[in-house]
Amino acid sequence: QGQLKIAPAAMAARCRLAARFHHIHGANIRLDASHTQATRVESFANGLCFSREPLAPGQIFLVEIEEKELGWCGHLRVGLTAHDPQSLEVVPEYSLPDLVSMGDTWVFAITRNHNRVAVEGAEVQAQGRPWEPFLLIERVRIPRDTLVGRSRPGRYSHILDDLYKTNVLPATARRSRIGVLYAPQPDGTADMHIVINGEDMGPSARGLPTARPLYAVIDVFASTKSVRVIPVDYGFPSLQTLCRLVIQKHIVHRLAIDGLDLPPLLKSFCQHE
């Protein structure tokens, strides 16, 4: 557990560097030049992606759903693997069951509902309140603001503003943010946690080996067409975030931000980042 005692500044620097997809990926995946966006260009499968580097204990690999594709059943799949992507002779067609059947891989299928993991027959209670500034998982503290997906403003945005202010989006919706991390345990193993829009779903896998490097697995499957990696800054909220909190507190709904005398980038950040 001592491995979790990573300075926020060091963790933030590591997360910014690691917020990229590995150049090894499924046959139907196209990465953008920055390796932060992964798009499935054909079919509904062969959409496997991996983090560029192994994750550190408590380091979250966070993606946002950018595009959906109608007509397919199933959604994003997220998890961890002890297989170095570079060592794969062929990238499997699916994370479930293909990659998992290779062993040392743990993948969680995201659904519209019921993502919370039950422990001994009891439903796991949500940890913390959605307005608290940090999400606490074991001894890891992550700024919640970055973890939360938000809908874009539009003609009917006033209908969504209550959802926007309470940081709620359906797990499989566009703009939803989903992350994976592992938390070491006293027995030398680790628990895998999935985080959806700032809420911990509970340990979705236990007994992961911490002696081996663990890479994030992102399967851009079926109705999920494109995702983007979101860098996570550990530590104090940014000045942009503090400005957004003040602005949102004093407006009726997000469309009113357009009329404010603010730089365009700050307006965009306040509306839908």
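**Note on the predicted structure**

1. The secondary structure of the protein comes to 6 helices and 15 strands; helices (H or I, at least four residues) and strands (E, at least two) are DSSP runs, numbered from the N terminus. This is a predicted model, in which local features need pLDDT of at least 70 and side-chain atom pairs count only at pLDDT 80 or more, while totals for chains, interfaces and linings use all residues. Residues are numbered from 1 along each chain as its sequence is written, and side-chain values use heavy atoms, with hydrogens and water left out.

2. Some overall values come next. Of the 273 residues of the protein, 51% count as buried (buried means under 20% relative accessible area, exposed over 50%, partly exposed in between, with a 1.4 Å probe and protein chains only). The accessible surface comes to about 13200 Å², and 56% of this belongs to carbon and sulfur atoms; the areas come from the Shrake-Rupley method with a 1.4 Å probe, and for residues only the protein chains shown count as cover. Among contacts between residues at least 6 apart in sequence, 70% join residues at least 24 apart, where contact means heavy atoms within 4.5 Å.

3. The structure holds 5 aromatic pairs. Rings of Phe, Tyr and Trp (its six-membered ring) pair if their centres lie within 6.5 Å; planes under 30 degrees apart count as stacked, over 60 as edge-to-face and the rest as tilted. The pair of Phe44 and Trp72 is tilted, because the ring centres are 4.9 Å apart and the planes stand at 40 degrees. This pair links distant parts of the chain, 28 residues apart: Phe44 is in the loop between strand S2 (37-40) and strand S3 (48-50), and Trp72 is in the loop between strand S4 (61-68) and strand S5 (77-81). Phe44 counts as partly exposed at 27% relative accessibility, and Trp72 counts as partly exposed at 35%.

4. Phe44 also forms an edge-to-face pair with Phe221, at 6.2 Å centre to centre and 75 degrees between the planes. Phe44 lies in the loop between S2 and S3 and Phe221 in the loop between strand S14 (215-219) and strand S15 (224-229), so the pair ties together parts that are 177 residues apart in sequence. Phe221 is buried, with a relative accessible area of 7%. Ring pairs link Phe44, Trp72, Tyr94 and Phe221 into a cluster.

5. Two arginines lie over aromatic faces. Arg77 is placed over the face of Phe221, 3.8 Å from the ring centre, and Arg141 over the face of Phe134, 3.9 Å from the ring centre. A charge sits over a ring if NZ of Lys or CZ of Arg is within 6 Å of the ring centre and within 35 degrees of the ring normal.

6. His75 lies in the loop between S4 and S5 and is buried, with a relative accessible area of 15%. Its side chain is joined to that of Ser223 by a polar contact of 2.8 Å; such a contact is a pair of N or O atoms within 3.5 Å, where within protein one must be able to donate a hydrogen and the other to accept it, and residues adjacent in sequence count only if both atoms are side-chain atoms. Leaving aside neighbours within four places in sequence, the residues in contact with His75 include Ile110, Thr172, Phe221 and Ala222.

7. Strand S12 (residues 189-196) and strand S13 (residues 199-209) pair in the antiparallel sense over 6 bridges; two strands pair if DSSP finds at least two bridges between them. Val195 has Asp200 of S13 as its bridge partner. The hairpin of S12 and S13 has 2 residues between the strands, and in this hairpin Asn197 takes a positive phi near 50 degrees. Ala205, in strand S13, counts as buried at 12% relative accessibility. Not counting residues up to four places away in sequence, Ala205 touches Trp106, Ala190, Asp191 and Met192.

8. Some backbone features deserve attention. Most residues other than glycine have a negative phi, and most peptide bonds are trans. The peptide bond from Leu96 to Pro97 is cis, with omega near 5 degrees, and Pro97 has its place in helix H2 (residues 95-101). Arg175, although not a glycine, has a positive phi of about 80 degrees; Arg175 lies in the loop between helix H4 (157-165) and strand S11 (177-184) and is buried, with a relative accessible area of 8%. Ala222, also not a glycine, has a positive phi of about 55 degrees. Ala222 lies in the loop between S14 and S15 and is buried, with a relative accessible area of 1%.
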